[in-house]
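Here is a short note to read alongside the model.

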Amino acid sequence: MKTYLPPEYIVKRDVKLCNKCKVCIQQCTYGVHYYDEKEDCMLSRDENCVNCQRCVFFCPKHAIIIRKNLVSYRKNHHWTSEVITAVKKQAETGRAILTGMGCDKPNLTYWDKLLLNASQVTNPSIDPLREPIEIRTYLGKKSKQVELALTGEVVLKTELTPQLCLEIPVMFAAISYGAVNLNVQEALARAAVECGTYFNCGEGGLHPNLYRYGDHLIVQVASGRFGVHPEYLNIGAAIEIKIGQGAKPGIGGHLPGEKVGKEIAEMRMIPVGTDALSPAPHHDIYSIEDLKQLVYALKEATGYAKPVAVKIAAVHNTAAIASGIARSGADIIVIDGVLGATGAAPKVIRDNVGIPIEFALASVDERLRNEGIRNEVSIVASGSIRSSADVVKAIALGADAVYIGTAALVAMGCTVCQRCYTGKCPWGIATTDPEISKRLNPEEASRRLINLLNAWGIEIKEMLGGMGINSIESLRGNREQLRGIGLSESELRILNIKPAGR
Amino acid sequence: MRPLSQVNNPYKDDKNIDACALFGMINIEGTRFPFKDPLKAISNMRERGNGLGAGFAVYGIYPDHKELYAFHVMYLNRQAKRRVEKSLEEEFRVVLSEELPTKEAKVSNPPLTWRYFVEPNTSKVNEEKITEDDYVMKNVMRINVSERGKALIFSSGKNMGVFKGVGYPEDIAEYFCLEEYEGYMWICHSRYPTNTPGWWGGAHPFSLLDWTVAHNGELSSYGANRRFLEAYGYKCTMQTDTEVLTYAFDLLVRKHKIPLELVPKILTPPFWDEIDQMQQKQKQLLTALRQTYSGLLMNGPFSLIVARQGQMIGLPDRMKLRPLTAGMGGSFLYLSSEEAAIRVVQPTLDKVWNLTGGEIVVGMVKAPAFVRLQLATMR
Amino acid sequence: METPTETLKELSRLKIEEGAIGVNALEMRSYELNALIRDLVKKGFKGLNLYNVYGQRYIGAGLSGDITFKVYGTPGNDLGIFMNGPNMYVYGNVGDGCGNTMNDGLIAVYGHAGDIVGYSMRGGKIFIRDDVGYRAGIHMKGYRTAPTLVIGGCAGDFIGEYMAGGIILLLGLDESRRHETRFIGTGMHGGVIYVRGKITHLGKGAKMMDIDENDLRVICELVKQFCDLFNFNSSKIIKQEFTKIVPVSHRPYGRLYT
């Protein structure tokens, strides 16, 4: 069948600058660039280009530019070229369209419609460069009340529940071995150790090389139960039950069989070459009381020494679900918004299912407080956090901490080209190909991550200081510090904030 | 549910902000004394107020009725009075009901003010299986909320009373005939509201049950504090820092039985770095307090005087952004925004010091000595 | 091994028996019983006989090593979850999730089992004398050794759903009943299911094959172990015909996405 799909991108090569050094050929994993010996010139197969920018960055002569191929369909706001392309592609293949990273649709980012406060006159702002500002955060169940024995010396009767101690309220979200390679996980692990936070190994099991970072690791138990064994459960600082993911709520996932090589099979404890399927539900959780059963099974298996988190995608009735989770014995609730990213998801699911994290977070915090159980759980917001401002706004809406995934990958070199599912990531990130993986140096990548978190830490303190707050717990759920801009009455009501100027 | 805020906060600001003068003095023998000294002291800090609010809380004021809850109530009209009195008759046994004595003074638009000595309806208290205090608190909050500012119970403790309104302290004292009263502890407040017009109900101190809080400064953590307290069943209807401070003390000390000297470890806790350095037991205690009550950390500039029967407590914020001075002389402990206000009533003091950030000072009637705990002693 | 005298004084629940310690689980909450089990294992006991078990969950959760449990009563859900080596003999019926995510060891149930027996197990063996509920052996995975699930009675629907490895043997010993299980091996992409007798309703992604000699050897060995445990006559069982069910593809989702 002749394809009616034009190339998405066009490679522009300045032949005057190009010295035919062939670096672009080496760097491109999609086979775009090639050398024509007869004509002695560099040519490209535009149809293969994904616009990852690798060749652009590595061309020593800066001779390459990638352009969007603006096919001149007749202008139409409803039948955009993206829509036309998708229909043609499906007509030619009969398959569901796969994509990577998070939803890229406009108007779902509400962080940018929230503005922060600063003190003027009635309250002094604080200079974070000279005065202490605390951003340490503990995640885990807090008791409703501290009980003390008061005969003579004050003795604490309340038992301290297991907590995660974050020196910065930003953790690295679950990214599994298989979706990325070991170098990426190693970089995340080192940065987590250095910054006093945690990384999450996702549901792909845990490589033995990462065991030494166990104190800064959150292990994940997902529906596929890959790599879950007693040692795995005990090695981490916390266990996360993954119910859902913002990029693909309500559906399972799979790592294609061709990616399941010897090492990944070993980690996931499955045969080589088979699809690694994560079923849509956990088959031991068909109802909320079953969640409680799994939470306690994990606590039994680890001697009640670790907090158990439950991660859900932000969907329509998240507040009610979160309330159920809080009563299930879970210590931490992770909410992943509609913009949350993934290594692979059907595009139709990624772009159409779920709700923005801002609304889910605001309603969950509100609901738990109204029910008097907010202290029972910590809330982690995930999916769409791009900057320290997003972190601060999330905490003011009621989060205890946030997860970052895409931001961490971008720090390591990712350009968000959305082709993670091909396994050919030219930046050496979303690939397990041993050769391409070498492009990511864990030492250098971890340095980038550490720099990012340190920079965010400074900015968070600057913002807190401006509000006259010297401890992050005084920001948590402090919606008086937020104002909305360009939001409807109902949006403001759900976020429980006022419009700017009021 | 924020009906009172319509009156207290007509422009729907996040909350009321004000700067103020504070003064408190307690006789540790429990000997009662008249208003002369407290008034002189608070008047000495006239620049800290602006005539838009002043008030006094006097403890030991009603020895003849010390077993009864004394309600001071403001009414904007007669209908409100009828409604509230009907409600009081239903929920309480009203032993005595009378108008608060007042006289001509430089105040504008004073509401009608009445006082009632009541005891809770025992069968209802038993039926609801709550303490008398909780029963009283519930009813006071209910009445205040439903009256939407038409009526306000602004004092509800036993053997204590609050007098407050719009004016300078001298005017309020004059208006309420404070020369007729004696108490062993006086808490005085002169207000400088930033964002609210004068409203009689909005004057300080704020009082609920036995608690009185007078406060200077602003809580930048207000939103976090309020949301934390609401999860424990408190309704923050006044939208003031003072209100959340009062509820915080009530929750911690009355309900959760946290000893007073540990309360600053929650409201103005040491830094995590400091807690990390402590010995294991101490560390666990302070970690538990700070983790559990993280939403009660009071951030921003404030100093406050908190009183309850037999006790007067002073506490500045942990970065010491607002002033608070303590003085001891004779049988008195003084707390004041400015030392001069203490000196003006007691020129020779045994001891006088400016409180450090997060330092709590507690004066207790009939206690062997003043209890004074500093951060350092906890380390 | 620590002397149990101290513990015995504290807990009249404990009793030293031949080669084992007996625990009277009557009215114990799940977490109490499991804490006690962990404690006894830590103290070095290798044999634990649990009596009067009424619904306690997670028995043996995450335990490793050469330990033998004898469970008398009706244990609750997730018996042997994450278990990594112990042998567990249950003299009664078990609830749901028996052998959930089990890594190694043996579970033998002298009765029937609830739903999702052996969910995601990737090692060890489970023998159920009688029937099992829905979704038995769901998402079993082959890894190093093949996990094995042998069922003496009949199974509910979706047996072997998503199966990625291992062996399920469904015997259907009650000759008066036919297999009525539907959607056998739905979405399976690894492993093998053997069924004694006729079945009619295969799930999507699974296909039937004739058994070969190798299969027969595997079946005989498992039947022998089953009969040793539950005291059945193996030659009589083997006589009947067996069907083999395998995945159509190891890549069921290979052609779904573009």
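1. At what angle do the axes of helix 7 of chain B and helix 8 of chain B cross? Please keep in mind that the model is a predicted one. The two axes, for residues 222–230 and residues 241–255, cross at roughly 45 degrees and come within 10 Å. Helix 7 of chain B and helix 8 of chain B are therefore oblique to each other. Their crossing is left-handed.

2. Helix 7 of chain B brings Y222(B), N225(B), R226(B) and L229(B).

3. Chain B as a whole has 13 helices and 17 strands. For its 379 residues the globule rule gives 21 Å, and the radius of gyration of chain B is close to that at 20 Å, so chain B is as compact as a globular protein of that length. Taken along the principal axes, its C-alpha atoms fill a box of roughly 60 × 50 × 40 Å.

4. Helix 11 (residues 388–397) of chain A and helix 14 (residues 442–466) of chain A have axes that come within 9 Å and cross at roughly 50 degrees. That angle makes helix 11 of chain A oblique to helix 14 of chain A. Here the crossing is right-handed. Helix 11 of chain A makes the contact through S388(A), V391(A) and V392(A), while helix 14 of chain A uses W456(A), E459(A), I460(A) and M463(A). Five nonpolar residues, one polar and one charged make up this contact.

5. Chain A contains 15 helices and 23 strands. Its radius of gyration is 24 Å, close to the 23 Å that the globule rule gives for 502 residues, so chain A is as compact as a globular protein of that length. The C-alpha trace of chain A spans about 95 × 60 × 45 Å along its principal axes.

6. How is chain A divided into domains? The assignment gives domain 1 (9–95) and domain 2 (137–499). Their C-alpha centres lie 35 Å apart. In the contact between them, nine residues of domain 1 of chain A face seven residues of domain 2 of chain A. On the domain 1 side, four of the residues are nonpolar, four are polar and one is charged.

7. Chain C has four helices and 12 strands. A compact globule with 258 residues would have a radius of gyration near 18 Å, which agrees with the 19 Å of chain C. The C-alpha atoms of chain C fill a box of roughly 60 × 50 × 30 Å along the principal axes.

8. Finally, the contacts between chains. Chain A and chain B meet through 38 residues from chain A and 36 residues from chain B. The chain A side of that contact has 12 nonpolar, 15 polar and 11 charged residues. Between chain C and chain A, 40 residues of chain C are in contact with 33 residues of chain A. Helix 2 (30–42) and strand 9 (164–170) of chain C each supply at least two residues of the chain C side. By class, that side has 14 nonpolar, 18 polar and eight charged residues.

Technical notes:
Residues are numbered from 1 along each chain as its sequence is written. Chains are lettered from A and ligands numbered from 1 in the order in which they are written. This is a predicted model: local features need pLDDT of at least 70, side-chain atom pairs count only at pLDDT 80 or more; totals for chains, interfaces and linings use all residues. Axes are lines fitted to C-alpha atoms, for helices over the stretch in contact, and angles run from 0 to 180 degrees between N-to-C directions. Angles under 35 degrees count as roughly parallel, over 145 as roughly antiparallel, 65 to 115 as roughly perpendicular and the rest as oblique. A crossing is left-handed if the near helix is turned anticlockwise from the far one by less than a right angle, and right-handed if clockwise. Two residues are in contact if their C-beta atoms, placed from the backbone, lie within 7 Å. Ala, Val, Leu, Ile, Met, Phe, Trp, Tyr, Cys and Pro count as nonpolar, Asp, Glu, Lys and Arg as charged, and the others, Gly among them, as polar. Domain bounds come from an automatic or database domain assignment. The radius of gyration is taken over C-alpha atoms; the globule rule is 2.2 Å times the number of residues to the power 0.38.
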